Amino acid sequence: MNDFTLIRKNLFRKKMRAGLLIFSIMIAFLIFGVLGAFYSVWTSGTSTAADNRLVTVNRINFTVSMPFAYWGRVEGVEGVTNVSHASWFGGYYQDPANFIQTFAVDPESYLAVYPELTMPDEQRAAFINTRDCLLVGADLATQYEWSVGDRIPLLSNIWQKQDGSASWDFEICAIFDAEDEKVPANYAIFQYDYYNEALAFNRDNIGWMVLTTADASLNESVGREIDALFANSPAETETSTEAAFNEAFIAQMGNVAMILLFVVGAAFMTILMIVGTTMVMAINERTKEIGVMKTLGFPAPRIFRMVLIESILLSLVGGLLGLGLASLLIAGSAAAIAGFLPGFSMPPSVMLIGVGLALALGFITGIIPAINAQRVTIVTALGKL
Amino acid sequence: MTDLYQLTDLSKGYTRGREAITIFEHLTMSIQEGDFIAIMGPSGSGKTTLLNLLGGIDRPTAGSVECQGVRVDKLSQGKLAKWRAANVGFIFQFYNLMPTLNAAQNVELPLLLTNLSGKARKERVATALDIVGLSDRARHSPRQMSGGQQQRVAIARAIVADPKVLLCDEPTGDLDRKSADEILQVLQLLNKDLGKTIIMVTHDPSAAKYARRELHLDKGRFVEAAELAQ
């Protein structure tokens with residue numbers, strides 16, 4: 001027997017109470033783990049953004065389009081090395097549940113702006129020269145078991161063709177990947193001309209422009225000049241760095257960070273109060289036993305340590321179970337949502353922060369009971385019935 | 001016999017609101033090593049308070065408690081804890097065993113404060129349980145034992161670290177006559193055969209008969225039983 005035996009036996013002296021507390025903590029950390037992983041994957045776009053890449057969107061909102069003619073005018077701005085454009089197609093394969101991020105782009109300039117997208121030269125040429133070619137990311141190809149040469153239909157729930165159908169036929173003529181694992185390879189792109197010519201409405205418009213500058217130090221002046229070009233026009237623009245655009249995009253999607261903070265914060269505050277109150281009650285119930293231990297010669301700091309470790313152990317058991325369960329849940333669902341969130345996994349940073357939070361939770365909930373246990377006098381404790 | 005305790009001009013009181021209440025004052029006495037003293041007296045006479053002062057779990061208002069040259073009343077809390085662990089064994093009326101531990105683990109508890117190896121601790125626990133006649137109950141939890149058996153475990157816990165003195169606060173107060181006699185016989189054995197100094201607070205005159213000396217604490221002073229009879 002040692003101090004840990006005493007701590008363990010005290011922790012589980014009321015199995016139902018300990019079990020419920022561990023369950024509560026586990027749920028809090030399960031939420032934290034899943035939301036943390038979700039947030040980590042969601043924000044990974046900002047870390048893959050190039051320093052000298054800018055995005056120009058309609059000033060009203062990035063979902064509002066702008067005239068196709070803007071593209072040509074931006075090409076002439078000093079300091080711009082490459083400029084391309086893209087339009088949101090949306091799209092799904094066979095079933096609306098099989099959502100696929102798809103964009104209509106100018107192929108050659110798009111690949112010039114995104115040099116990190118790699119593919120064999122013959123596939124690159126095929127993508128540039130084939131009107132109905134669909135260039136798909138490697139993750140997407142793996143998910144749907146597509147290979148070069150396959151013909152597939154994609155349906156759009158936004159865009160209709162002039163013949164009234166919403167189905168667009170493509171030949172997969174190229175598959176792209178990237179050396180950096182963080183670069184998403186879960187989307188598809190195709191030629192803007194193929195899309196624009198068939199559109200029933202909103203023709204000759206583009207969604208946004210992407211451009212590179214000769215140097216990141218020119219970003220600000222280039223952005224200012226582009227926005228000045230289209231000032232006082234029906235479609236004013238707003239140019240920002242790709243990283244800022246990605247962050248703004250995330251914010252548009254509902255400020256995931258704030259949701260994470262509120263949900264986890266609310267869960268933690270609730271758990272903190274429940275565990276804290278229960279620990280105070282549990283230690284209060286044991287006042288007489290603490291008095292006996294002090295009578296036997298256990299020093300007050302040792303009792304303080306034992307109570308604090310008991311609280312930290314409780315929190316750590318619940319926390320690790322929650323984080324473990326979150327990892328299992330994420331691993332189990334990663335394949336199913338790979339199209340929407342590629343690379344969905346439990347990042348080590350979330351795991352580490354989770355363990356840190358569990359330790360902090362245990363410390364905060366245990367410190368007051370530990371101080372009480374340390375301070376109680378033997379005479380007072382033994383006088384307690 | 002040499003002096004184990006020397007109490008000099010010992011006073012203890014407390015305040016309730018603005019009222020100062022004196023439990024006893026100017027108590028002077030000595031307790032010899034190997035003695036077995038039964039302290040009796042009416043409720044509120046300060047018997048348990050005196051026991052607490054002897055065990056270093058309370059401090060006097062005035063005067064001194066000296067045990068083999070150590071001023072117990074002057075020790076810091078940390079040193080007091082060490083002194084108690086090495087010198088004093090406590091036996092309570094309601095046993096005060098840890099409900100989450102079995103008999104052997106309860107007895108082993110004071111040994112966690114020593115540097116003994118796990119094997120040596122086990123041997124000591126086995127010996128202590130053997131002395132109180134509970135070798136066969138080592139794995140039983142307190143709730144699986146009778147009051148008398150629980151008190152024997154408490155005695156084993158009190159003697160396992162081999163203290164010089166055993167302080168017993170109404171050790172038979174919660175037991176039937178038969179169990180009480182068995183406990184008192186164990187205490188007598190510890191005094192006679194192992195030379196433990198025992199100071200026992202009791203209300204029970206038949207329990208006091210097991211002691212070598214009976215002292216009556218009344219109105220702040222000690223009276224020997226013989227003196228009281230006169």
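## Where the chains meet

In this predicted model, 18 residues of chain A are in contact with 20 residues of chain B. On the chain B side of this contact, the elements that give two or more residues are α2 (77-87) and α3 (103-108) of chain B. The most is given by α2(B), with six residues. Sorted by class, the side of chain B that touches chain A has 10 nonpolar residues, six polar residues and four charged residues.

## Confidence

Chain A has a mean pLDDT of 87, and 92% of its residues reach 70 or more. Within chain A, confidence is lowest in helix α3 (residues 44-48), where the mean is 59. Confidence is highest in strand β9 (residues 205-206) of chain A, at 94. Where pLDDT is low, the predicted coordinates should not be read in detail.

## Domains of chain A

Chain A is divided into two parts: domain 1 covers 3-44 + 255-383, and domain 2 covers 65-234. Between the C-alpha centres of domain 1 of chain A and domain 2 of chain A there are 48 Å.

## Helix α14 of chain A

Helix α14 of chain A spans residues 348-375, which makes 28 residues. From its first C-alpha to its last, helix α14 of chain A reaches 40 Å, close to the 40 Å expected at 1.5 Å a residue. The helix has a kink of about 40 degrees at A:Gly366, shortly before the proline A:Pro369.

Both A:Gly366 and A:Pro369 are among the buried residues of α14(A).

## A buried and an exposed helix residue

B:Ala104 is found in helix α3 of chain B, an element that gives two or more residues to the side touching chain A. B:Ala104 is buried, because 22 other C-beta atoms lie within 10 Å and a residue counts as buried at 20 or more. Not counting residues up to four places away in sequence, B:Ala104 touches B:Val125, B:Leu129, B:Ala138 and B:Arg139. B:Ile31 is 73 residues from B:Ala104 along the chain, and their C-alpha atoms are separated by 32 Å.

In chain A, A:Gly72 lies in helix α4 (residues 69-75). A:Gly72 has 9 C-beta neighbours inside 10 Å and therefore counts as exposed, the cut-off being 12 or fewer. Between A:Gly72 and A:Val83 there are 11 residues in sequence and 8.8 Å in space, C-alpha to C-alpha.

## Two residues with positive phi

Most residues other than glycine have a negative phi. A:Asp204 has a positive phi, near 60 degrees, and is a residue other than glycine. A:Asp204 lies in the loop between α8 (192-198) and β9 of chain A; strand β9 is where confidence in chain A is highest. With 10 other C-beta atoms within 10 Å, A:Asp204 is exposed.

In chain B, B:Gln68 is not a glycine, yet its phi is positive at about 45 degrees. The loop that holds B:Gln68 runs between β4 (62-67) and β5 (70-71) of chain B. B:Gln68 is partly exposed, with 14 other C-beta atoms within 10 Å.

Methods: Residues are numbered from 1 along each chain as its sequence is written. Chains are lettered from A and ligands numbered from 1 in the order in which they are written. This is a predicted model: local features need pLDDT of at least 70, side-chain atom pairs count only at pLDDT 80 or more; totals for chains, interfaces and linings use all residues. Domain bounds come from an automatic or database domain assignment. pLDDT is the predictor's confidence in each residue, from 0 to 100. Helices (H or I, at least four residues) and strands (E, at least two) are DSSP runs, numbered from the N terminus. Two residues are in contact if their C-beta atoms, placed from the backbone, lie within 7 Å. Ala, Val, Leu, Ile, Met, Phe, Trp, Tyr, Cys and Pro count as nonpolar, Asp, Glu, Lys and Arg as charged, and the others, Gly among them, as polar. The expected span of a helix is 1.5 Å times one less than its number of residues. The bend at a residue is the angle between axes fitted to the seven residues ending there and the seven starting there.
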